[in-house]
Amino acid sequence: MQYKIVLLLLATAFCFNYLPEVEIDLSAPPRQRWKESVRTVLDLYGYDNSFGPVFEFHNENTFYILTPEDYTTIAKAIRKNFPEYSLELEGIVEEFNRSNITFEYMAAWAYFHEIGHITNDVTECTGVLLSIGDQVIHGRNMDQYPGQARNIVLHLTIKKDGKYLGESVDWYWFKVGFVTLLKYNVASLEENWRFGNALSKDQLLTFIQQGVPSLAWAYRDVLVNEKLNTFDKVVTYLENNQVACPLYNIIGGTGKDQGVIISRDPFENYPTISLSSQPLNQNGFKYLVETNYDHWLQDPEDDQRRTIAENLLSKMQNNLLNEFGVYAVMDTYPIHNEGTFYTVIMNAKYNRLIAFGQPSITLSDE
Ligand SMILES: *[C@@H]1O[C@H](CO)[C@@H](O)[C@H](O)[C@H]1NC(C)=O
Ligand SMILES: *[C@@H]1O[C@H](CO)[C@@H](O)[C@H](O)[C@H]1NC(C)=O
């Protein structure tokens with residue numbers, strides 16, 4: 001008698017998910033502006049499968065250096081320097097209606113990224129700019145932890161005085177700003193983590209008290225400031241605004257070869273690199289990639305995302321010189337990795353933003 005061994009392969013099919021969409025009306029009373037966003041996440045996933053574990057994780061990994069006095073210091077500075085944002089944060093606190101989600105706690109979250117520069121370095125993210133013909137296509141992956149923050153990601157459309165200004169996709173919209181933004185008819189923008197000069201808690205608290213805005217508020221300024229109505233003006237603004245931690249701005253424009261990577265640090269200046277000064281590659285197009293390391297340095301051995309993306313782009317076939325091609329690069333491991341929450345493809349020339357909620361992806365050697 002012959003026994004057949006049946007191997008049952010349990011395959012898990014991962015797929016992207018559609019992100020919940022919410023409209024933000026910046027003409028509404030400030031306390032009301034973000035309540036629907038909070039409610040949308042809580043209704044869909046519940047606190048214990050969204051904000052709860054995210055807050056717990058970052059209390060342990062990001063905010064542990066803050067004393068109760070530090071929370072008060074940050075809260076006071078925001079109330080003094082950013083009264084409108086303070087009201088918005090208060091509205092979010094009201095909507096949570098939980099005893100330990102206080103204004104002080106949300107104020108610290110407003111500077112989440114800056115505080116993270118003192119306490120952790122788990123942040124990744126990749127930005128790609130592909131210049132083809134008269135368009136610049138912008139790919140953006142957001143990588144973060146913990147996984148439950150995927151359930152907080154929203155696709156926001158922002159309007160003011162009845163006019164639609166742009167779109168954003170993010171999980172930390174509850175700091176009332178943006179780190180991924182399409183400003184209609186002007187630019188696509190992405191902020192990435194940069195490993196720069198060391199930052200101490202005292203230095204950061206001093207910046208915050210001096211009124212240096214959260215980095216997410218810089219893009220909010222870009223969005224609402226009607227004078228920042230061209231790619232070049234946005235670039236000049238983001239080369240010169242005050243920042244409280246190291247970061248990169250990856251920006252695509254509406255015209256031919258409009259694309260830059262701006263490297264920022266509170267203590268030092270660096271040259272901006274741009275698509276327009278790149279040579280055409282042998283197939284007649286240009287690209288730039290940014291992860292978390294300066295362009296004049298090699299990728300570290302253990303994080304080759306930029307090198308891998310650049311290799312894929314350099315060999316890109318003619319029929320992929322479009323949004324599909326950029327998506328394919330963004331979806332390749334390890335550019336799409338364990339921590340990737342979403343992929344956004346933006347095209348400022350056509351005011352197009354395409355968003356995918358991404359599952360975790362891990363390379364398997366078997
Ligand atoms: C609120 O308190 C509970 C119990 O101590 C804790 O588990 C949770 O992480 C706290 N939430 C915040 C936002 O600090
Ligand atoms: C806030 O929660 C309490 C119970 O903890 C409830 O009695 C109250 O109605 C809630 N307030 C709002 C505005 O939802």
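Q: Buried or exposed: how does H58 count?
A: Burial is read by counting neighbours. H58 counts as buried, because it has 23 C-beta neighbours inside 10 Å. (Buried means 20 or more other C-beta atoms within 10 Å, exposed 12 or fewer, partly exposed in between; C-beta atoms are placed from the backbone.) H58 sits in helix α2. (Helices are DSSP runs of H or I, at least four residues; strands are runs of E, at least two; both are numbered from the N terminus.)

Q: What kind of model is this?
A: This is a predicted model: local features need pLDDT of at least 70 and side-chain atom pairs pLDDT 80 or more, while totals for chains, interfaces and linings use all residues. Residues are numbered from 1 along each chain as its sequence is written, while chains are lettered from A and ligands numbered from 1 in the order written.

Q: What average pLDDT does the chain have?
A: pLDDT is the predictor's confidence in each residue, from 0 to 100. Here the chain averages 94, and 96% of the residues score at least 70. Residues 1-11 stay under 50, and the model gives them zero contacts beyond four places in sequence. (A contact means C-beta atoms, placed from the backbone, within 7 Å.)

Q: How many residues does the largest nonpolar core have?
A: In soluble globular proteins, nonpolar side chains tend to be buried together. A nonpolar core joins buried Ala, Val, Leu, Ile, Met, Phe, Trp, Tyr and Cys residues through C-beta atoms within 7 Å. The largest one here has 100 residues; V128, Y219 and V234 have the most contacts inside it. Leaving out residues up to four places away in sequence, V234 touches V186, A187, V222, L228 and I251.

Q: Why does V41 count as buried?
A: Count its neighbours again. V41 is buried because 22 other C-beta atoms lie within 10 Å. V41 belongs to helix α1, residues 35-45. Beyond four places in sequence, V41 touches S50, N151 and I152.

Q: Where do the buried residues of α11 fall, seen down its axis?
A: Start with the list. In helix α11 (residues 323-330), the buried residues are G325, V326, V329 and M330. They fall within an arc of 140 degrees, so they line one face of the helix. (The arc is that of directions from the helix axis to the C-beta atoms.) These residues pack against β2 (126-132), β3 (135-143), α10 (305-314) and β13 (340-347).

Q: Which residues are around ligand 1?
A: Look for C-beta atoms, placed from the backbone, within 6 Å of the molecule. Around ligand 1 these are F55, E56, N59, N100, I101 and Y105. Helix α2 (residues 51-61) gives the largest share, three residues.

Note on methods:
Contact = placed C-beta atoms within 7 Å.
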